Amino acid sequence: MTARERVAGTVANYVDERTGAAKWMKKNLTKVFPDHWSFLLGEIVLYSFIILLLSGTFLTFWFDPSQREVIYDGSYVPLQGLHMSAAYASTLHISFEIRGGMLMRQIHHWAALIFMAGMVVHLMRVYFTGAFRKPREFNWIIGVGLLTLGIVEGFLGYSLPDDLLSGTGIRIAEAIIQALPVVGSYLAFFAFGGAFPGEAFIPRIFTVHVLLLPGIFLALITVHLMLVWYQKHTQWPGPGRTEKNVVGYPLMPAYMAKAGGFFFIVFGVTAFLGAVASINPIWLYGPYNPGQVSAGSQPDWYMGWLDGLVRMAPPLETYLFGYTISWNILIPGLIIPGILFTGMALYPFIESWITGDKREHHLLDRPRNVPNRTALGAMSLTFMLVALINGGNDIIATTFSLSINQVMWFSRIGIIVLPPLAFVITKRICLSLQRADRELVLHGRETGRLLMLPHGEFVEVHEPISPELAWKLTAHEQAPALVLADVDARGVRRAGSLKNKLRKRISQANAESIAKPTANDLKEIEHH
Amino acid sequence: MSNEIEAIKDPGLPAHVHRKADTDPVAEKRAERQVAILFLISALGTLLFIFAYYFVPEDVFFFFPVLGNTNAHQLFLGLGLAIALFFIGAAAIHWAKTLMPDLEVIAMRHTLRSDEEDRDALVTTAKERAGAAGLGRRSLIKRSMGLSLGLIGLSPLVLLRDLGPLPGDELTKTSWKAGTRLVTDPGDRPIRPEDLEVGAVAQVLPEHFGEERRHLSDIAKDAVLLIRLRPEEFQLSSERLSWTYDGIIAFSKICSHMGCAVALYEQTTKHLLCPCHQSTFDVPRAAKVIFGPSARALPQLAITVDSEGFLIAQKPFSEPVGPSFWERSS
């Protein structure tokens, strides 16, 4: 036994006698993780969260979350002598006088964008492959919660510097609170400690941004990962892979090294962006003043769709018995986002209601094999994209020399017309891809080699595909539509038959598919 | 589905293909060297980071292709850190991919559902324990407990009451009063009608007395835009026309949609545009909304001149300025 082994043994013994960790560790050091690039997306989110904690902690050492007015006397000449909040002045101080401060600010902001983008892409991966299905519904809901909180956290974060752009954002947030029926103006005054902007808001959202929300994130991420660990990761269908097993690499050492290495890759890329790509140059915006605004005021992209919806809303207000209801704010600002996020959180249950499928699923779906789900996803993304485009309608209008009215009308019509169109097109594409898969399995790969037959006819030589690929293309299930009787066994019409009818309809649309080839089909072809 | 249809068979896990480094000692040595080099690049990155922190001056800018004019300190500090971090990752992953075991293994999943036995035992135990606590029987305790737990939930809400004052008339009142002079922002100089040429725009605030600087929350309600047109260009009711002075019309600058500053005036079309959500207001028609999400015209401030010829407010705003709220009556 070497000296090193002796030391390690002593430490391990010490820990195990007090925790009994050896048994758990023994089992989990060889825990198997399936490998696929799309499984790294969630890791990117986790790592950027860690980067956010590290860089954010650094920033708090100098940031002064106060709206107390100071006169700027720092090294950035164009703003010298101006009145501004201590929050803004200290952000300038971090940017220009603290060595590495600018770098850390930019890393923090870039990491936030990567965090949000990572969540969105990770969510898309989980959605389009059906990884949210039983038993993973809890994790789906936690994920939707994290995404929602992420949007709030990001907004609060870029609001903290109290520059002209972010102050405008806060003003809009205040208007949304104020628009709430009955309690709006009270809530706004409670949130801001009086009339907008007051001096209470920045210190308050600072606490929420650095303590409350990160704490909730930490708790939710922990549960999220523990569930992934305990339920084991999903895997793509393929040769040797079933609902009952996990095929992949053991945690130690290869997976550990890859995941750990990937953290440094993500951090490195974020640091590179922070080094070379300027982001949120608050010194160009100036301090916040409610009487001023800069043209082309844009939120960060993950809020852009919300702003886009608000921009395209029709000018609708109701005045009733001396009270005002601002539909132009409530519908795009609260009602539509509420419906979208609730629908998203409930989607696993909706789908299982449609398919009647209550089984566990550990093999992922190829998106083409579930046309309806894929089409619904494409439809939602199209909706979000149109909203996001409209969030930048002023920038688009000036960049492409259009009038803002044209862009706005495109969005207003597009947000209604394009999503259903995306649904239909996506569904057709999925079915065509299924057809292509069927062709490939039955007739093999086109080799591009032409053969002239003795009688002069040209044919292309097809090569049979490997049994592995044939299996991969046919491993999925094609469940028939639900059979729901309108009348029960005694011939009495069921209660809620309308609901049944709806369910049947959706289930039928959902089951639409191109029959996958079977071994019988293959044999039949061989006989020809 | 009938049994006759036979699905295509699972050929099973494909045979493992060895990597070059697994079989060829030369390739193995090469991979080892590559990993070491990647780690060394990272170390160099950290050295660059430290060097930049201490020795690259913070006020040196230089031209860097693509990036343009760049601060040397920030760039080298960041690049050093990026290189240091990235290449640790690259080394670890290269190591894992070339030299660490890459044999795919199969692990079995366990059913998440507990055994029937355990589930039954849980139900029995839970029922028994709950029965022992008498939760079902002692309705007096149950109800009083419900009451106390429900009530204690109120205390955080009560505690939050002092977050802010009640709105009172804060949302409906501004600092503008009859006779308040309009002063320039910035500058705080009173203005005469002849200071504004036709087509000109000016941001004004109510005259402010005392040493203390204006509160931002006052500016958030008081900011007003003056626009001078030719008097014949107005299409106003006679009342609203009497609120203008010699072609000068005054509107609240705070958008009636969500409170941004309505800062963009297009001289040719005489439209005011809010840069936040593009609500567009037609100045000659009392800032009527002609496009965008805002549902209300910008409130108009009635102006005239005082005996010394300076612009003043005739009276306070006749309606609340800024975004809508529940208690607003129209």
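This is a predicted model: local features need pLDDT of at least 70, side-chain atom pairs count only at pLDDT 80 or more; totals for chains, interfaces and linings use all residues.
In strand β3 of chain B, M108(B) is the bridge partner of N245(A). N245(A) opens strand β4 of chain A, which covers residues 245–250. Four bridges join β4(A) to β3(B), and the two strands run antiparallel.

On the chain A side, β4(A) has a further partner. Two bridges link β4(A) with β1(A), again in antiparallel fashion. Here F33(A) has Y249(A) of β4(A) as its bridge partner.

In total, 82 residues of chain B are in contact with 94 residues of chain A. The elements of chain B that give two or more residues to its side of this contact are α3 (72–98), β3 (105–108), α7 (216–222) and β11 (288–291). Of these, α3(B) gives the most, with 16 residues. By residue type, the chain B side divides into 52 nonpolar, 16 polar and 14 charged residues.

One residue that shows how the chains touch is L85(B). Leaving aside residues up to four places away in sequence, L85(B) touches F264(A), F267(A), G268(A) and A271(A). L85(B) is also among the residues with the most contacts inside the largest nonpolar core, together with F115(A), V262(B), L301(B) and I303(B). That core has 165 residues. Helix α3(B) gives the most to this core, with 16 residues. Domain 1 (20–98) and domain 2 (182–313) of chain B both give residues to the core, so the core lies between them. Another core, of six residues, lies apart from the largest one; among its members are V441(A), A470(A), L473(A) and I8(B).

Next, chain B as a whole. Chain B has eight helices and 14 strands. Its radius of gyration is 37 Å, well over the 20 Å that the globule rule gives for 330 residues, so chain B is more spread out than a compact globule. Along the principal axes, the C-alpha atoms of chain B fill a box of roughly 100 × 80 × 60 Å. Chain B is divided into domain 1 (20–98) and domain 2 (182–313), and the C-alpha centres of these two domains lie 57 Å apart. Of the 330 residues of chain B, 32% count as buried. Among contacts in chain B between residues at least 6 apart in sequence, 56% join residues at least 24 apart.

S242(B) lies in helix α8 of chain B, which spans residues 238–242. Only 12 or fewer C-beta neighbours within 10 Å make a residue exposed, and S242(B) has 12 inside that distance, so S242(B) counts as exposed. The C-alpha atom of S242(B) is separated by 21 Å from that of Q203(B), a residue 39 positions away along the chain.

Chain A has 19 helices and eight strands. Its C-alpha atoms fill a box of roughly 90 × 80 × 65 Å along the principal axes. Buried residues make up 41% of the 528 residues in chain A. Of the contacts in chain A with a separation of 6 or more, 71% are between residues 24 or more positions apart.

Helix α6 of chain A, residues 137–159, supplies an example of such sequence separation. I141(A) lies in this helix. The C-alpha atoms of I141(A) and A345(A) are separated by 5.3 Å, although the two residues are 204 residues apart along the chain.

Note on methods. Residues are numbered from 1 along each chain as its sequence is written. Chains are lettered from A and ligands numbered from 1 in the order in which they are written. The radius of gyration is taken over C-alpha atoms; the globule rule is 2.2 Å times the number of residues to the power 0.38. A residue is buried if 20 or more other C-beta atoms lie within 10 Å of its own, exposed if 12 or fewer, and partly exposed in between; C-beta atoms are placed from the backbone. Two residues are in contact if their C-beta atoms, placed from the backbone, lie within 7 Å. Ala, Val, Leu, Ile, Met, Phe, Trp, Tyr, Cys and Pro count as nonpolar, Asp, Glu, Lys and Arg as charged, and the others, Gly among them, as polar. Two strands pair if DSSP finds at least two bridges between them. A nonpolar core is a set of buried Ala, Val, Leu, Ile, Met, Phe, Trp, Tyr and Cys residues joined through C-beta atoms within 7 Å. Domain bounds come from an automatic or database domain assignment.
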